[in-house]
Structure formats: C-alpha cells, structure tokens
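Take a look at the fold below. The paragraphs that follow walk through it, from the whole chain down to single residues.

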Amino acid sequence: MNIGALRLENPLLLAPLAGVTNLPFRLVAREAGCAMVFTEMVSAEGLARRCAHTLPYLRSLPAERPLSVQLFGAEPAAMAEAAAIVQDAGADAVDINFGCAVRKVTRTGSGVALMRTPERAEAVIAAVRNAVRLPLTVKLRSGWDHSGRQALEIGTMAEACGADAVILHPRTA
C-alpha cells in the first residue's frame, strides 16, 4: 500500500488514540505487524508556540518508522507551521484530525468541528499541504448526521487540496 511516496509493507495502520498511542505503545504495535503508526493528536498551537509540554509528542525512535504525526487545530497558519516542525523532526507523514468530537477540541473549531466549516477546513488542508513535502492524510468522521454527506464533501475537498489519503472513522460526531 502506498500513501503518496510512502510505501507501506501492508495495510495495517495503528489509529491515533488520545492518551494511548505514546512511543512505547507505538513500538509494540510495530512489533505486532502494523505497517505505520500514528502519534496521538498533537496541538498545532502548542507546536507552533514550542510549548515544553507539547514538543515531547514528537519523540520517536527508528524502530517505530514509518510514523505519522496527527495534528489538530483550526488556524491554517498554526497548522502549517506545526506541520513544518513535524517534517523537520523527521516524521514520515502528517495527518490532520477532523475526527475528534471531544468538547475541549471542538469548542476551538478543531477536530470534527472543522467539518461544519468547509471554508476553514479547506484553508487548513491547503496550508498544511503547502507547508510540507511529506505524505498528507486527513482523518475524518462520517459527519454530523447519518447521511455521510459531510465526509464526501470534506474527502473530495481534501483530495483537491493535495491530500494523499483520507481516513474515515465511520461514526457520526
């Protein structure tokens, strides 16, 4: 399986899980056969501001590669800057979180809330795509209702903006 220029040995990916997918867990997942692992979601604002409690999320070891870093945020400039930091830190891919439905994330316009603001969503994806050469993925939910229309709209938009893959969490917000 390929995601952009990144060739994966199989289609098994470890999904980003807040509070779970830390470095030791990712190493275990790779040993168990996952072709690519993801960090838990990382605040783009925290990376852009180089916050001491955010930077350790980028800690990595060669044994867990390929590694994708999942970013969350709603400001295109901060997302682009964070993606560039991720690239400079040596990640193999960047993922944008359009899936988190936790209130403290959605109230900032991040996560699944981006699916309610297509213009901002497009600006975020385009800014990140323009900031990095890494493969870019977008993780999203089916949307706010059971129709799935939001997923189709955002997925099509992500492709048009240059995302290399869309990852669907087939559950509504």
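The expected span of a helix is 1.5 Å times one less than its number of residues. Helices (H or I, at least four residues) and strands (E, at least two) are DSSP runs, numbered from the N terminus. Helix 5 shows the rule at work: its 14 residues reach 20 Å from the first C-alpha to the last, close to the expected 20 Å.

This is a predicted model, in which local features need pLDDT of at least 70, side-chain atom pairs count only at pLDDT 80 or more, and totals for chains, interfaces and linings use all residues. Residues are numbered from 1 along each chain as its sequence is written, and side-chain values use heavy atoms, with hydrogens and water left out.

Start with the whole. The protein chain holds six helices and nine strands. Its C-alpha trace spans about 40 × 35 × 30 Å along the principal axes. The radius of gyration is taken over C-alpha atoms, and the globule rule is 2.2 Å times the number of residues to the power 0.38. For 173 residues, a compact globule would have a value near 16 Å; the chain has 15 Å, which agrees.

How much of the chain is buried? Buried means under 20% relative accessible area, exposed over 50%, and partly exposed in between (1.4 Å probe, protein chains only). Buried residues make up 51% of the 173. Contact means heavy atoms within 4.5 Å. Of the contacts with a separation of 6 or more, 69% join residues 24 or more positions apart.

Now turn to helix 3, residues 76-88. Its 13 residues should span 18 Å at 1.5 Å a residue, and its end C-alpha atoms are 18 Å apart, which agrees. Its buried residues are P76, A78, M79, A80, A82, A83, I85, V86 and Q87. They pack against helix 2 (44-48), strand 6 (67-72), strand 7 (93-98) and helix 5 (118-131). After helix 3 comes G90, with a positive phi near 100°.

Strand 6 is one of those partners, and L71 is found in it. L71 counts as buried because its relative accessibility is 0%. Leaving out residues up to four places away in sequence, L71 touches several residues, among them M79, A82, A83 and V86. L71 also touches I96. These two are 25 residues apart along the chain, yet their C-alpha atoms are separated by 5.1 Å.

Helix 5 has its own buried residues: P118, A121, V124, I125, A127, V128 and R129. They pack against helix 3, strand 7, strand 8 (136-143) and helix 6 (149-160). S142 lies in strand 8. S142 counts as buried because its relative accessibility is 14%. Neighbours within four places aside, its contacts include M115, R149, L168 and P170.

R50 is not a glycine, yet its phi is positive, about 55°. R50 counts as partly exposed because its relative accessibility is 48%. Further along, a cis peptide bond joins R65 and P66, with omega about 5°.
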